[in-house]
Amino acid sequence: MNTGKTVFAQLMSFLNWYEFDKCVQRYNGNYKVQHFNCRQQFMVMCFAQLTSKESLRDIESCLNAIPEKLYHAGFRTLIKRSTLADANEARDWRIFADFAHVLIAEARALYETDNDFSVDLDNMVYALDSTSIELCLSLFPWAKFRKHKEL
C-alpha cells in the first residue's frame, strides 16, 4: 500500500506556490471565496490537462470517483461541476497568465547553464494548448461550420 504522496501531488509540489499566491493577491482572486480558491481551481485544471479530460463532467466524475484519495492528491474539497464552471467564468484570467510567465522565467533560468541541455532561448517559441471544442450549431449559431482547415 502506498503511504507517500500521489504522483500528481509530487508534480504540484514543484510549483512555486508563493509566486502563485502573489499573482492571486495582485488580482484579488480569492475575494469572497469560501472553499474553492484559485489554487484549487489551478490544480483541477492542471489535473484535467495532464489526464486529457474533455469536459467539466469528465473532470468531476474522474476526481470524485475515489473521494478518499482527493486529499492525498492535494484537493481539499469535492469538485463540483457547477462550482468549477462558475470559477472558470468569474476568475480573472490574468492570474494564470502571470503565473505562466513566472513558470517560463523559472524554466529559462534552468536552461541558462552551460551544459549539454542548454537551449537557444532567444529564439524560443512557446506552444500553448489550442484544442478545438465541438459546438452544437443550434445552440451556437455564430460558430461557422467548415469541412476543411483554412490555411
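Two rings of Phe, Tyr or Trp are taken as an aromatic pair if their centres lie within 6.5 Å. With that in hand, the structure above, which is a predicted model, can be read from its overall make-up down to single side chains.

The protein chain holds seven helices and zero strands, so the order of its elements from the N terminus on is simply α-α-α-α-α-α-α. Of its 151 residues, 25% count as buried. The accessible surface comes to about 12100 Å², and carbon and sulfur atoms account for 55% of this. Among contacts between residues at least 6 apart in sequence, 64% join residues at least 24 apart.

The average pLDDT of the protein chain is 83, and 72% of the residues score at least 70. Among the elements, helix α2 has the highest mean pLDDT, at 96, while helix α5 (residues 67-73) has the lowest, at 85. Where pLDDT is low, the predicted coordinates should not be read in detail.

Just after α2, asparagine 28 takes a positive phi of about 55°.

Aromatic rings come next. A search of the whole structure finds ten aromatic pairs. One of them joins phenylalanine 8 and phenylalanine 47: the ring centres are 5.6 Å apart and the planes stand at 85°, so the pair is edge-to-face. Because phenylalanine 8 lies in helix α1 and phenylalanine 47 in helix α3, the pair ties together parts that are 39 residues apart in sequence. Both phenylalanine 8 and phenylalanine 47 are buried. Phenylalanine 20 and phenylalanine 99 form an edge-to-face pair too, with 5.0 Å from centre to centre and 80° between the planes. This pair links distant parts of the chain, as phenylalanine 20 is in helix α2 and phenylalanine 99 in helix α7, 79 residues apart. Phenylalanine 20 and phenylalanine 99 are both buried. They also belong to a cluster in which ring pairs link Trp17, Phe20, Phe42, Phe96 and Phe99.

Two glutamines of helix α3 complete the picture. Glutamine 41 has its place in this helix; with a relative accessibility of 3%, below the 20% cut-off, it counts as buried. The side chain of glutamine 41 makes a polar contact of 2.7 Å with the side chain of asparagine 88. Leaving aside neighbours within four places in sequence, glutamine 41 is in contact with Phe36, Leu84, Ala87, Asn88, Arg91 and Phe96. Phe96 is also a member of the ring cluster described above.

Glutamine 49 is likewise found in helix α3. Glutamine 49 and isoleucine 59 are ten residues apart in sequence, and their C-alpha atoms are 9.7 Å apart in space.

Definitions and conventions:
Residues numbered from 1 in each chain as written. Heavy atoms only, no water. Helix = DSSP H or I, 4+ residues; strand = E, 2+ residues; numbered from the N terminus. Buried < 20%, exposed > 50% of the residue type's maximum accessible area, 1.4 Å probe, protein only. Polar contact = N/O pair within 3.5 Å; in protein donor to acceptor, adjacent residues only side chain to side chain. Contact = heavy atoms within 4.5 Å. pLDDT = per-residue confidence, 0-100. Areas by Shrake-Rupley, 256 points an atom, 1.4 Å probe, with all protein chains shown as cover. Phe/Tyr/Trp six-rings, centres within 6.5 Å; stacked < 30°, edge-to-face > 60°.
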